[in-house]
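Please open the model in a viewer and keep the selection panel at hand. The stops below are meant to be followed in order.

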Number of protein chains: 2
Amino acid sequence: MNNNSGVQIARAALTRLMEPSDMPGLALIRVLGPEDAVAFIRGSDSTHPKVEQEMTEALQDAGTESWSGLADVLGRWRPRLADVSPERDLATLARLGGSLLVPEDPHWPRALDDLELGAPIALWCRGNVRDIPAQERCIAVVGSRDSTSYGANVTGEITHSLVQRHYTVISGGAYGIDANAHRGALSASAEPGVPVTIAVMAGGVDRFYPSGNDELLRTIAERGLVVAEVPPGTNPTRYRFLQRNRLIAALCQVTVVVEARWRSGALNTARHAEMLSRTVGAVPGSVYSANSAGCHRLLREGAAVCVTDAADIAELAGAAGENLRPDQPVEAAIYDGLGTSDLLLLDALPLRTATTLDKLCVVAGLSPATVLSGLGRLESLGLAERVGGGWKRRSQ
Amino acid sequence: MNNNSGVQIARAALTRLMEPSDMPGLALIRVLGPEDAVAFIRGSDSTHPKVEQEMTEALQDAGTESWSGLADVLGRWRPRLADVSPERDLATLARLGGSLLVPEDPHWPRALDDLELGAPIALWCRGNVRDIPAQERCIAVVGSRDSTSYGANVTGEITHSLVQRHYTVISGGAYGIDANAHRGALSASAEPGVPVTIAVMAGGVDRFYPSGNDELLRTIAERGLVVAEVPPGTNPTRYRFLQRNRLIAALCQVTVVVEARWRSGALNTARHAEMLSRTVGAVPGSVYSANSAGCHRLLREGAAVCVTDAADIAELAGAAGENLRPDQPVEAAIYDGLGTSDLLLLDALPLRTATTLDKLCVVAGLSPATVLSGLGRLESLGLAERVGGGWKRRSQ
C-alpha cells in the first residue's frame with residue numbers, strides 16, 4: 001500500500017479537488033491524464049486555449065453543450081488545493097485495510113464505463129476482498145430508510161437467497177432497506193474471495209454514516225466491501241447521495257426497489273439504472289402501505305418489472321435462457337388438455353347415477369358420434385366410466 | 001313482455017339449442033338469420049350444400065379452419081329440440097321482471113360486437129334497469145373465490161369509488177372478490193337508470209348460484225342487472241364459466257384482477273380482455289399472499305397494469321387526457337428546481353454558524369463567481385441568509 005503509483009496519487013488528489021460528476025473536471029482528466037491534470041491545477045495558468053478546446057469537445061461528446069470555461073472551473077478547484085494531501089489519504093485508507101481502485105487497474109469494474117465521462121475518478125475501497133464482481137453478478141437492493149417489517153422480511157429473504165445463488169448484493173449504507181439488504185446478504189455464505197455485499201457510501205469510507213450502522217458497516221468491510229468515490233474524511237451531502245446512487249445502479253445488472261415512498265431516493269437509483277439500460281425490479285406490497293407506493297408507481301409507469309423473490313430477480317439478471325425459473329409447481333388440472341367437445345361432455349357426465357348416451361347428447365349439446373368418441377377419450381384418461389348400460393364421471 | 005317478437009322467440013330457442021360460443025351454430029344463425037335457423041333445425045333436412053358452404057366461409061372468416069359439417073352439428077342440436085320452449089322461458093323471465101336482449105335491439109351492448117362471430121345469441125337480463133352502459137363506463141372487478149380480508153377491503157373500496165365516479169361494476173356471481181365487488185358497488189349511489197353493478201352468470205338468471213349469494217344477487221337484480229347468455233333453468237358448468245368470462249371481459253373497458261392465485265379463473269377473464277384489446281389492471285399485494293400470486297404474475301408478464309385504487313382504474317378507462325389523476329399531493333421539495341451548483345452550495349451552507357465566501361468555495365467546490373450568484377438565488381428562495389459578514393442556511 002506504500003507503493004502507490006503516480007496515477008493513484010494523482011487520482012486520489014483529484015477526488016479531493018472535484019465533486020462527483022464534475023463534468024469539466026472529468027473532461028480535463030480525459031484531455032491531460034490524471035497526473036498532468038493535477039499539475040495544471042497546481043500551476044498558475046488560468047488559460048490554455050488548446051486544453052479548453054479539447055475539454056469543450058469532450059463535454060460535447062458527453063452531451064454537455066455549454067460550460068463556464070477553464071478559468072471558472074479552475075476557480076472552483078484551486079481553493080481546495082490547500083486541503084489536498086493524497087499520500088495522507090492513501091495512508092489513512094491503508095491503515096483501514098483498504099486500497100484505491102483506479103480505472104488504470106485491471107480490477108477496475110468495467111460496468112462503470114457505461115457512465116462514460118461521468119465515471120468516478122477512483123474508488124476508495126475498504127475491505128478484505130479485492131474485486132468488485134462483474135455487473136452480471138451484482139444486484140442492487142435499495143429502498144426506504146423507514147422500512148416496514150414487511151419490507152425488512154422481504155429484503156432479508158431476497159438478499160440471503162441472492163448470495164446463496166452466488167450474487168453480490170450492493171446497496172447504500174442507510175437504515176431500513178439498505179441495512180436489511182446487507183444483513184440478509186451477510187447471513188448467507190459466499191464463495192471465498194467474493195464479497196457477499198458492497199456498501200456504496202456518499203461520504204468517506206473512514207467515517208461510517210449513519211453512526212447507528214457503524215457495526216454493520218464494519219462487518220461489511222470484513223466480509224464484503226465499503227466503497228466511495230470521495231476521499232476519506234468527506235461528509236455525505238445531498239448532492240453526494242444523489243451521485244452515489246448512479247454508482248449503485250451502474251455496478252449492478254438489476255436494481256431492485258423493495259420499498260419506496262411515492263417520493264424516495266430509491267426511485268432516483270431506479271431512474272439511474274433505467275438511464276443506464278439496466279433492469280429495474282420492484283417488489284409489490286399492500287396498496288395501503290405508503291412504503292410500497294413508490295414501487296407501485298414504478299410498476300404502473302412500466303419503469304420496473306414486478307419481482308416477488310430471488311428467483312424472479314435471478315431470472316431478470318440472467319441472460320435469455322439462463323437462470324429461468326422453473327414453472328411454478330402447480331397441479332396441472334386433468335382437464336387442461338381436453339378439447340371443447342370433451343369438456344362439454346365431461347361437464348354433462350353425472351357424478352353419481354349413470355346416464356344414457358341419448359341424455360348425454362342433449363345435456364352436452366353434442367352429436368351421438370361426438371359423444372361416443374369423447375366417452376372413449378375420457379374413459380382412457382380415467383375421467384369417465386361405464387356403469388351398467390350408462391356412463392358417469394369417474395371420481396378422482 | 002308478452003309481445004315477444006319473432007326474432008326474440010327464435011333467439012330464445014337458439015340459446016337453449018346451442019352452447020355458448022358454438023361456432024357452427026353461430027355461423028348458421030349468421031347465414032340464415034335466427035328464425036330460419038330455428039326452422040332449419042326443426043326441419044328434417046340434414047344436408048344443404050349452399051348453407052353448409054356459407055357456414056364454412058363464415059367460420060373461415062372467424063378463424064375456424066375446419067368443422068365437422070352440417071349433418072354432425074345438426075346431430076347435436078336436434079336432440080335438444082324436445083326441451084325447447086322459448087315462450088315458456090320468456091314467460092319465466094318476465095315473471096322475474098326481466099327481458100331478453102337481442103342483437104337486433106338498439107339497446108344491445110355494441111361492445112359485444114368485438115366478439116365477432118363468438119358474440120352471444122342473446123342476453124337473458126334480470127333487473128329493473130334496461131340498459132347495459134357503454135363499454136367505456138363499465139369496469140370488470142374479478143378475483144379469487146377465497147379472497148383474503150385484504151382483497152375484500154381493496155375490492156370494496158375500489159368498487160364503491162368506481163360507482164361514485166359513475167362507472168358500472170361488472171363481475172361474476174361467485175363468493176370472494178366477485179361478491180365483494182358487488183357489495184362495494186351497491187354501497188354507493190348511482191345515477192337513476194344506471195345499474196350500479198352487473199352480475200354475469202354462467203347458469204340461468206332464475207337460479208342464483210352459489211345459493212349463499214342468493215340475497216346478494218336478488219339485490220343486484222333490484223339495483224343493477226343479472227345477465228346470462230344461457231336460458232332460465234340452465235346449470236352452470238365449467239365450460240359455461242369459462243365462456244361467461246369472455247362476456248365480462250367484452251362488456252368492460254378495463255378488467256381489474258384484485259386477488260388471484262397463480263392459477264385462477266380470474267386470469268382467464270384477464271386473458272379474454274387481453275385478446276379483445278381491453279385493458280387489464282392488477283392490484284398488487286403481499287409477496288407472501290398466495291392470493292396475490294396471480295396478480296403479480298400478470299404484472300410480471302406485462303399482461304396487466306399495476307392499479308392501487310379507483311383513480312388509477314379511472315385513468316386506465318379514460319381516453320387520453322380524460323380522467324387523468326391529479327399528481328399525487330406531495331410536498332415538492334424546495335430544492336427540486338435547483339441546478340447542480342446551487343445544490344452543492346446549499347449542501348455547503350452551515351446550518352448554525354455563518355461561514356465566509358472563501359470557505360464556501362472550498363466546501364462546495366465552486367468558483368467565487370458561482371458561489372456569489374448562487375447565494376443570491378438561494379437567498380431569494382429563502383434558503384440562505386446573510387449573517388454579519390457571512391452566510392448560513394436559512395432554517396425552514
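This is a predicted model: local features need pLDDT of at least 70, side-chain atom pairs count only at pLDDT 80 or more; totals for chains, interfaces and linings use all residues.

Residues are numbered from 1 along each chain as its sequence is written, and chains are lettered from A and ligands numbered from 1 in the order in which they are written.

**Domains of chain A.** Colour chain A by domain: domain 1 is 6–123, domain 2 is 127–317 and domain 3 is 334–393, with bounds from an automatic or database domain assignment. The C-alpha centres of domain 1 and domain 2 of chain A are 27 Å apart. Between these two domains, 22 residues of domain 1 of chain A are in contact with 21 residues of domain 2 of chain A (C-beta atoms, placed from the backbone, within 7 Å). Select α1 (6–17) and α6 (86–95) of chain A, each of which supplies at least two residues of the domain 1 side; helices here are DSSP runs of H or I with at least four residues, and strands are runs of E with at least two, numbered from the N terminus.

**The chain contact.** Now show both chains. Chain A and chain B each give 42 residues to the contact. On chain A, elements that give two or more residues include α7 (149–164), α10 (238–251) and α16 (368–380).

**Helix α14(A).** Select S341(A), D342(A), L344(A), L345(A), L346(A) and A348(A), the buried residues of this helix (buried: 20 or more other C-beta atoms, placed from the backbone, within 10 Å of its own). Their cover includes α15, α16 and β11 (390–393) of chain A, together with α10 (238–251) of chain B.

**Strand β4(B).** Finish at residues 168–171 of chain B, where T168(B) and I170(B) point one way, V169(B) and S171(B) the other, and all are buried. β4(B) runs parallel to β3 (138–142) of chain B, joined by 3 bridges. Look for C138(B) opposite T168(B).

Note on methods. A residue is buried if 20 or more other C-beta atoms lie within 10 Å of its own, exposed if 12 or fewer, and partly exposed in between; C-beta atoms are placed from the backbone. Two strands pair if DSSP finds at least two bridges between them.
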